[in-house]
Each structure stands twice: as C-alpha cells, then as structure tokens.
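Happy to go through this one with you.

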Amino acid sequence: MINEMLAYFAQGANWAGEAGIPARLGEHLWYSFLAVAAAAVLAFPVGVFIGHTGVGRVYLVSASNVLRALPSLGIMTLLVLLMGIGLLPPLAALVLIAIPPILAGVYAGVANVDPEVVDAARAIGMKDSRIILQVELPLALPLILGGLRGAILQVVATATIAAYVNLGGLGRYIFDGLALYDYGQVLVGAVLVTALALVLDGLLALLVKAVSPARRAIAR
Amino acid sequence: MRKQKLPLIAALSVVAGSLILSGCSNPTAAPSPSDTASGGTLTVSSANFTESEIIGNLYAEALKDAGFTVETKFNIGTREAYIPALSDGSIDVIPDYTGNLLLFLDKNADVSSPDSILSALPAALATKKLAMLTAASAEDKDAVVVTRATAEKWNLKTIEDLVPHNDEVIMAGPPEFKERAVGLPGLEKNYGFAPVKFEPISDGGGPATVKALLDGKVTAANIFTTSTEIPANDLVVLEDPKNNFPAQQVVPVAAEGKLDDKAVAAIDAISAKLSTEELIKLNGQVSGDAKVEPKQAAITWLTEQGLLGK
C-alpha cells in the first residue's frame, strides 16, 4: 500500500492537468479559504459584540457546542438533497464547523481584556467603537488568531467531504480510491491532507507567536 | 437541579441502550407453528442489504408455509462470507444475483448475455458443492437512466441513442463507474457513448444522484434497476441491447442436495412471479415511507400472489 502510494507520487502524469495533485491541492485550499472567510465574516461581529457587552454569553456557549456536534457529512448530504449538487452544500457544512472556534477566539479575546485597561480608555474619553478597535481588538489578536488557526485546521481536514458529491479537492483521491479498492490512492489523499494541515498550522503558529506581546501572557 | 436529573438520564440511557441492543439481535429461531408438519429444518439467509433480506424473507415464509421448520440468519455479509457458509452447511439457501455470483466464482466467466450466465452458473456452483434453483426475471443491475423529458426530447430508447448527444451529456455515477470495465470504458467500447463530463457522486445511485438528475445538473445517471426512485420519479431506464452491464437476475442458491422437491417447488414458485417491477414494489414498501418490516412485506406479497396456504 505504501509502495503504491509512493508509485503514485512518483508518476509525473499524476502531477499534471485538472486532476493532478497541484490542481487538487488548489481546489482544496480554495474550498477551505471560502469556508473560513465566510465563517469569519459571520462569526467575527457576533464574537466582538458578545465579548464587549457580555450579552448572550450563555447562548453563545450552547449554540457553538451544538454546531461542534453536527456531523459535517450528514449536514452536507442533507443540503445536497435540498439544494442539489454544487459548491454550496459542502461549503455550508464547512462554514458550520469553522464558526465555533472563530467565535470562541474572538469572544474570549475581547472578553479577557483587562477591565482596568478598558476603564482607562473610557476615562480618557474613548467611545465604545474606539475602545473596540484600538484597545480590545489589538489586545485580543493572539486569541483571535488562535481561533482562526483552529478553524483552518478543522476545515482543511474536513474539506475532503466535498468529493462525496461531484467536487474536487484532496478528498477526490480518498473517495475514488475507496470506490476502486485502490488504497494506495486513498493514502495519497490522506497524506496530502495531513501535510497541508500541518504546514498551515505551523505557519499560523508562527503568526500567532509574532503578534503575541512577550510581556503579556495569553489569557486562556 | 442538574444533579438531580443525572440519575434519571443515566437510567433512561441504560434502558434506551438495552432497547437498541435487543432490537439488534435477530429474533430468529422462533419455532414456527407448523413445526409438527412434514419437512426438516432449513436455514434461510441473506446478504447484508435490504433487498436481499426481503427476498430471503420471501423464501423463509414460503418454506414455513410448505411445512418446513425455518431458521433465519439474515444480513450475514457479502459473498466472501455466505458462499463458504452455504458450502459448510451453516446456512441452506440464500438469494443471489446471476452475473455477480458467476464473476465471484469465476473471474473470467463469459457474462456477455443473460443466457451465457445462466448456462455457466451450475457448473461454477458445483465446484463449491452448491446448486441454483430457477432464476427469477427480476433483475437488480446497473443501468443508464435519464428523465422522461430527456428521453422524449431526444427520442431515446437504448444507450446507443445517446451517442449523437455525447457533447452535451453529463453523466453522474459512483466514482468507480469512471474506471470499471462495465462503466464508462465499457459504454464507450460497446456503444461509442462517451459523455463530455462525468460527475462522481458517492451515494451509489441514491437520492443525491437522483436529485442531480431531476435538477438537470446531469443528463444521465448510473442507477440500479430496482431503485424505487425510478418509478417514483418516472425515470427512463435505457435499454442495453449489447449487455454492457452483465445480467443480475435474482437466483436462489442452495447447498447441493439440501432442498427436497417440496422446498424447491416452494421457492421456484416465488421466482416465477418475481419480476423487476414486483421487486421495486417490495423495496418501496420496506425502504420507502411506509417502512414495513421485510418479513411483513414478504407475507403480504406472498399472499397477494396466492403463494401461501396452497
């Protein structure tokens, strides 16, 4: 099986064309990017609002726990039956798993800003909008990026389900390989997804470290 | 509050768990009331999917009615599991499908026509000390399926009629359909049919595939002939005159000499009446909205066909 996988990687034809490894990698990244971007647009304002005001904290925790518990493949299949095949069903399933970590990161980051710092900002005459933009968000950045990192990791790992319906991405190798009992090909997909997730996670870890002020321990 | 509820929840989940467990265990070996009548004990089995279990129930109920004591061991798996079980006598009779059964027994068998399969099967089975009964006309095989609207617009009857539309046909099917010899390669070789695009959908011709077809996102789809979706959505199965897809007639398989004439007659009577349309109806009752138990659906069908209480 390992040999079959290595043979697949070694064959030049598998690196070219619209079914080639670079193309599949590109599709995979594209789906992942779309899902994380959409989830960020949805989750970011909500997280800031709840973190800043403290309103609806209980609902946030339970709602994002419910989202975490949803099976992505099941959601996607249901959406395919409702909307038909296409990019939207897998994307929606991925957005749903990307929302909880982003939301949690933004909320926790904003809520954990030292209240004395916020009071000081208010005392020198800052309005809420300025407090959020110039005080809370910069201080929350490490946790926000941490949440984003978690979301990206999960989405990249789960974006394989797009290949269950007619789409591409690295899941194509896994679903096609399984259907043909070609486990070498399944392994190709699995190894590529793992490698992609690890590389992205490493890069994001460096980014999180870069924006974390050394003097301030990350509050968890 | 939460603490008080916990024991109750725990108790409920234990009850639910045991209900599920007991639901799983097959209520087999219940001695039938006709125990005292003639005949011995026969074990009827089925493969691990619903249609096979329904047909297995048809055999079991007909044999009970004929005076045999019947044990049932349904859902025992794939051919890798049940062919040896037939040979070693742990089960006595099971429904199978002609083409795939022959290919399982002999990879290089000639499956080019329904007759070549039926004539080669007995010898192939004999090598495992197995025998077949009369095959039914009911067939569960791969097919190229289009909507009624497409069939009328292009005047389609056979797969070959799709060839002039190669440039506009998008076909859906499970991923293996693109590579398997009976899939796209076979369709191109036999008919010259080569769709401009293939959309892999991994639900085995299930609801997502049907939805894509009905939405017009694909023009044709690989769906099994006994799918209840075909009559439900008025889909058209294109004829396959060159037998690209091997015939897959329902055939009862038994260990050699295990069934006496009476048992053979009881099962053959089912095969004589079991057409693809009837099998779709049975599948629809069990898998459709009605959710009838396979056993009940079998009894109802046998009664309707006048096969019980003869």
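Q: What makes up the secondary structure of chain B in this predicted model?
A: Chain B has 12 helices and 10 strands.

Q: How do you know that strand S5 of chain B is mostly covered?
A: A residue counts as buried if 20 or more other C-beta atoms lie within 10 Å of its own. In S5, residues 142–147 of chain B, 6 of its 6 residues are buried, so they meet that cut-off. For chain B as a whole, buried residues make up 42% of the 310 residues.

Q: What makes both faces of S5(B) covered?
A: In a regular strand the side chains alternate between the two faces of the sheet. On one side, B:Asp142, B:Val144 and B:Val146 are buried, and on the other B:Ala143, B:Val145 and B:Thr147 are buried too.

Q: Why is S5(B) said to pair with strand S8 of chain B?
A: Pairing needs at least two bridges. S5(B) and S8 (residues 220–224) of chain B are joined by 5 bridges, so they pair, and they run antiparallel. B:Asp142 stands opposite B:Phe224 in S8(B).

Q: Which residues make the contact between chains A and B, by number and kind?
A: The contact takes 12 residues from chain A and 14 residues from chain B. The chain A side divides into 8 nonpolar, 3 polar and 1 charged.

Notes
Residues numbered from 1 in each chain as written. Chains lettered and ligands numbered in written order. Predicted model: local features only at pLDDT ≥ 70, side-chain atom pairs only at ≥ 80, totals over all residues. Helix = DSSP H or I, 4+ residues; strand = E, 2+ residues; numbered from the N terminus. Buried ≥ 20, exposed ≤ 12 C-beta atoms within 10 Å, placed from the backbone. Contact = placed C-beta atoms within 7 Å. Nonpolar A, V, L, I, M, F, W, Y, C, P; charged D, E, K, R; others polar.
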